[in-house]
Amino acid sequence: MTNQNMVISDAKSGLAMAIAVALKESGHFSPAMPVVSPNGYFSRKKLHKKLEANGNGARMNALLDSMRASSPTRRPTDTEDHTSWILHHPSALSMFEEIMRASQGKQIVVFLDYDGTLSPIVQDPDRAFITTEMREAVRAVANLFPTAIVSGRCRAKVYNFVRLSELYYAGSHGMDIKGPAKGHTHRTVSHCHLSNITSKIQYFDVYLFFLHNFHVLGLLSNIQGNQTVLCQPAREFLPMINEVYRALMEKIKHIPGAKVENNKFCLSVHYRCVEEKKWGELGDQVKMVIKEYPQLRLTQGRKVLEIRPTIKWDKGNALEFLLEALGYAESNDVLPIYIGDDRTDEDAFSVLRERKQGLGILVSKTPKDTNASYSLQEPLEVMKFLQRLVEWKKLSVLRH
């Protein structure tokens with residue numbers, strides 16, 4: 001069986017594109033944000049028409065509607081729809097051999113979301129712990145392939161959950177990137193690639209003046225030790241993010257179950273533990289705070305409202321940056337695999353489709369509109385996929 005959804009072909013350099021589009025975006029509600037309906041995702045065109053026709057009231061109603069629809073368990077699964085969706089997004093476990101055949105002669109690079117991918121979605125985001133078995137699976141993968149965790153969480157918090165120094169960590173939706181600690185250079189990353197990382201840092205320096213003139217300050221990339229890459233394209237927003245954090249804490253403290261999480265370069269307002277009748281009030285309070293900050297925008301995840309700087313930098317840009325830093329942006333011999341469960345992971349899935357190289361794997365038990373090629377149902381299946389990837393690599397080494 002041939003999977004028509006697989007997108008693997010020539011790579012295009014992502015770094016220049018990622019930098020060139022690092023411009024300010026306007027508005028609070030991101031037009032790039034996919035918004036779900038009870039039957040899947042609304043098209044963005046329909047949503048924009050609704051907003052234009054009805055004004056600010058419709059904006060708030062649309063926000064509340066999408067908050068209500070943010071949990072995929074809100075509707076029963078239609079067997080026929082699910083079967084059709086699986087045909088277009090088959091299980092990465094059942095199609096594992098096909099995926100591995102497509103990787104022949106290519107360097108696999110693994111990208112992983114955290115919440116809902118490596119750890120289950122839980123009521124308290126501070127208790128989204130990774131299991132020992134999952135940690136060992138990730139460690140084994142990282143010992144064989146360049147591996148990154150790309151999360152909306154603060155990078156330091158994700159590291160504290162995972163506690164593996166051999167990984168790349170991209171926190172705050174890719175706005176805070178740091179590479180493996182000294183002594184954990186991946187065996188497949190040659191000295192040529194390490195030199196390439198240094199050259200990319202110099203390449204970034206050329207763009208600093210460009211970025212400054214577009215008010216996208218703080219893009220910082222450097223080498224610490226022999227392979228730690230740090231990229232922070234939103235550093236100038238830190239004082240503003242902290243100010244909004246304090247304002248939100250004050251505004252929503254009377255709403256039981258609401259929680260504001262400071263992810264350094266972005267904020268998350270969790271409402272998983274808030275009564276549904278209070279969601280409208282919560283949305284009102286969040287919008288009231290950020291309307292005073294045109295440099296920030298509002299997006300959504302799974303039962304979470306997220307406030308981010310209005311720069312074009314997301315998980316897709318983080319993926320491109322890391323591929324470039326590893327020396328694979330111009331290479332035909334690389335197969336990026338990105339596994340994630342959230343709407344924000346769609347930015348990375350889209351990049352892979354645009355590059356016509358690599359594949360996205362969506363973690364979901366229910367059909368969703370996605371640019372991913374394959375699916376896995378839950379973190380347990382993610383762990384099984386990673387374990388099979390390790391087994392496959394070890395066997396292929398023995399054969400050769």
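Which residues point one way from β10, and which the other way? Select β10 and look along the strand: Leu 267 and Val 269 go one way, Ser 268 and His 270 go the other, and all are buried. Buried here means under 20% relative accessible area, exposed means over 50%, and partly exposed is what lies in between (1.4 Å probe, protein chains only). In a regular strand the side chains alternate between the two faces of the sheet.

Before moving on, some housekeeping. This is a predicted model, where local features need pLDDT of at least 70 and side-chain atom pairs count only at pLDDT 80 or more, while totals for chains, interfaces and linings use all residues. Residues are numbered from 1 along each chain as its sequence is written, and side-chain values use heavy atoms, with hydrogens and water left out. Helices (H or I, at least four residues) and strands (E, at least two) are DSSP runs, numbered from the N terminus.

**Stop one: the sheet around β10**

Now widen the selection to the four strands in the order β9-β10-β12-β11, which form an open, antiparallel sheet. Its edge strands are β9 (259-262) and β11 (296-301), each pairing on one side only. Two strands pair if DSSP finds at least two bridges between them. From one strand to the next, the twist averages 20°.

Zoom in on β10 (residues 267-270) and β12 (residues 304-309), which pair over four bridges; Leu 267 has Ile 307 in β12 as its bridge partner. On the β9 side, four bridges again join the strand to β10, and Lys 259 stands opposite His 270.

(Axes are lines fitted to C-alpha atoms, for helices over the stretch in contact; angles run from 0 to 180 degrees between N-to-C directions.)

**Stop two: helix α5**

Jump to α5 (residues 132-142) and colour Met 134, Arg 135, Ala 137, Val 138, Val 141 and Ala 142, which are buried. Look down the axis: these buried residues fall within an arc of 160°, so they line one face of the helix. That arc is taken over the directions from the helix axis to the C-beta atoms. On the face turned away from the buried side, you'll find the exposed Thr 132 and Glu 133.

What covers the buried residues? Among the covering elements are β3 (107-112), β4 (147-150), α6 (155-162) and α12 (379-399). Keep α12 on screen: α5 packs against it at an angle of about 35°, with the axes 9 Å apart. On the α5 side, the residues that meet α12 include Met 134 and Val 138, and their counterparts in α12 include Met 383 and Leu 386. Contact means heavy atoms within 4.5 Å.

**Stop three: some loop residues**

Select Arg 163, in the loop between α6 and β5 (168-171). Its phi is near 60°, a positive value in a residue other than glycine, and at 51% relative accessibility Arg 163 counts as exposed.

Then try Ser 172, in the loop between β5 and β6 (176-178). Ser 172 has a positive phi too, about 55°, but is buried, with a relative accessible area of 0%.

Finish at Ser 373, between β14 (359-363) and β15 (374-376). Ser 373 sits 14 residues from Leu 359 in sequence and 6.0 Å away in space, C-alpha to C-alpha.
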